[in-house]
Amino acid sequence: MRSLPSIIHLDMDAFFAAVEQAAKPSLRGKPVIVGGLGGRGVVSTASYEARKFGVHSAMPMAQARRLCPNAAFLSGRFEAYRAVSELVMGLLRELSPLVQPLSLDEAFVDLEAGPYGPALLAADHGTGERLVTALAEDLRADIHRRTGLTASVGAAGSKLMAKIASEQAKPDGLVLVEPGQERVVLGPMPVRALPGVGPATEQVLRRAGLNTVADLAEAGESELVQLLGRAHGAGVHQMSLGLDDRPVVADQDAKSVSVEDTFEVDLADRDRVLREVDVLAARCVRRLRAAGRSGRTVVLKVRRFDFSTLTRSETLRGPTDDETVIVETARRLASQVDITGGVRLLGVGVSQLADYTQEDLFAQAVRQEAGEPGAVEADAQEDEAPEPAVVVARHWMPGQDVRHAELGPGWVQGSGVGRVTVRFETPWSGPGRVRTFAVEDPALEPARPLPLRGDEDGPSAGAGGGEPAVG
């Protein structure tokens, strides 16, 4: 454990929704909900305005619509999120080469490994803390200046406490935990505050009368091992004491993304199993997208009533982060599993990861539907007319970037019954006007995301259909 709070954890505030508000002036200060818009869609991120209505991540989109019907419901624009993420991660790497991204919008940084490391190591306690605080505040200011977005930062002597501190700092704040104060900070918190303590573990601990982190520390390692098993119990006890010596590891490249749940009562009903698989697959997609990745192999994990564990997998034709595809594949795998006797654990994962974004895959799907252009084979009869070209309907997603030949850049507010409604505005303009077109209007085309700060790149950046840099 360190004597200085030289590990920081940065977490962008309501990242996906905040990027949408920064890019769309008409949505600033209004509830914005980003996620899957289909029948089984779930909320990926809700703006703080939407959270006042009770909307939160992982909530079914249908429930979010009931709670906050007047919100803007948008599909994700992962090309835009990745561009902003790369800018933020670049600012972090100016502080230290040891940056460990956890997703597009959060990362750990080891300040001692960077250019300010010698000053931190030579400083007394008070001076070191003031330097860490100044570095963190400068970082938050730089992020806001370059993107218009806010970030929360936690600083501590360990990764565990830095992440907990950043949660306390939300939104748009900075919290520093002094080394030696870990148990004071952790003690009153609920057991779910600790990483790795999910709903099932929480229920086991609550039945034993352990409700707070202080309760876990007082219970001792032996009792927690008895309740949770050797590895998990020992790990939870160490965390309850604020002990964490894990180093910051730069540029970890995950080989897979997965989620799993253990159930209090074994599931023996096929429909219930499939519903749980739906929820797990949707959570897995959120993690996949948060990491800016796609995957080619969907994996289902099942632990049965007798603790036997089996896995089933299916490899797709190409990488995807499409929620519908991954959910349907996971359901198909689950339908092949014998659940006689009950299921105590289910997990859904995606492996063979790639860096393709959702927009890349959508474009691929459209090309596949339309067919690649090629030469028309000549028939022996010269007077035979060629077959008419196949016309593929254009699909416009809420929030999608578009450009009109005369009206310029804008974004899709909605579409249906052969019409598409577009609001014409840019990140650096005021709220724009709204126009409606036929979905096949040749003057309207998909576009690349514009930079969030026109004062640095100029309003013309990206306006001609090129590849603008965010920053």
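This is a predicted model: local features need pLDDT of at least 70, side-chain atom pairs count only at pLDDT 80 or more; totals for chains, interfaces and linings use all residues.
When I call a residue buried in this talk, I mean that its relative accessible area is under 20%, while exposed means over 50% and partly exposed covers what lies in between.

M161 has a relative accessible area of 0%, and because that is under 20%, we call M161 buried. The residue belongs to helix α7, which covers residues 159-169. If we set aside residues up to four places away in sequence, M161 touches A156, V177, E182, V185 and L186.

Let me turn now to a sheet. In what order do the strands of this open sheet stand? There are five of them, and the order reads β5-β6-β1-β7-β8, with mixed pairing. The edges are taken by β5, residues 99-103, and β8, residues 174-176, and because each of these has a single partner strand, one side of each is left without a neighbour in the sheet. From one strand to the next, the twist averages 15°.

In the case of β5 and β6, the latter being residues 106-110, the two run antiparallel and are joined by four bridges. To give one example of the pairing, P101 has A107 in β6 as its bridge partner. Across β1 (7-12), β5 and β6 lies helix α4, made of residues 78-95, and this helix runs at about 155° to β5.

I would next like to look at a pair of helices. In general, two packed helices are described by the angle between their axes and by the distance between those axes. For α13 and α14, the latter being residues 323-335, the axes come within 9 Å and cross at roughly 145°, and the crossing is right-handed. On the α13 side, the residues that meet α14 include L274, V277, A281 and V285, and on the α14 side they include I326, V327, A330 and A334. The residues of this contact divide into 10 nonpolar, one polar and five charged.

Staying with helix α13, residues 270-290, we find E276 within it. Is E276 buried or exposed? Its relative accessibility is 15%, so E276 counts as buried. Apart from its neighbours within four places in sequence, E276 is in contact with F263, L267 and L346.

For contrast, consider P409, which sits in strand β14, residues 408-416. Its relative accessible area is 21%, so P409 is described as partly exposed. Not counting residues up to four places away in sequence, P409 touches V402, R403, F424, E425, T426 and L450. Between the C-alpha atoms of P409 and V422, which are 13 residues apart along the chain, the separation is 9.5 Å.

Finally, a word on cysteines. A disulfide, in general terms, is a covalent bond between the sulfur atoms of two cysteines. How many disulfides are counted here? The count comes to zero, where a pair of cysteine sulfur atoms would have to lie within 2.5 Å to qualify. As for individual cysteines, C68 is buried, with a relative accessible area of 2%, and C284 is buried as well, with a relative accessible area of 0%.

Note on methods:
Residues are numbered from 1 along each chain as its sequence is written. Side-chain values use heavy atoms; hydrogens and water are left out. Two strands pair if DSSP finds at least two bridges between them. Axes are lines fitted to C-alpha atoms, for helices over the stretch in contact, and angles run from 0 to 180 degrees between N-to-C directions. Contact means heavy atoms within 4.5 Å. Buried means under 20% relative accessible area, exposed over 50%, partly exposed in between (1.4 Å probe, protein chains only). A crossing is left-handed if the near helix is turned anticlockwise from the far one by less than a right angle, and right-handed if clockwise. Ala, Val, Leu, Ile, Met, Phe, Trp, Tyr, Cys and Pro count as nonpolar, Asp, Glu, Lys and Arg as charged, and the others, Gly among them, as polar.
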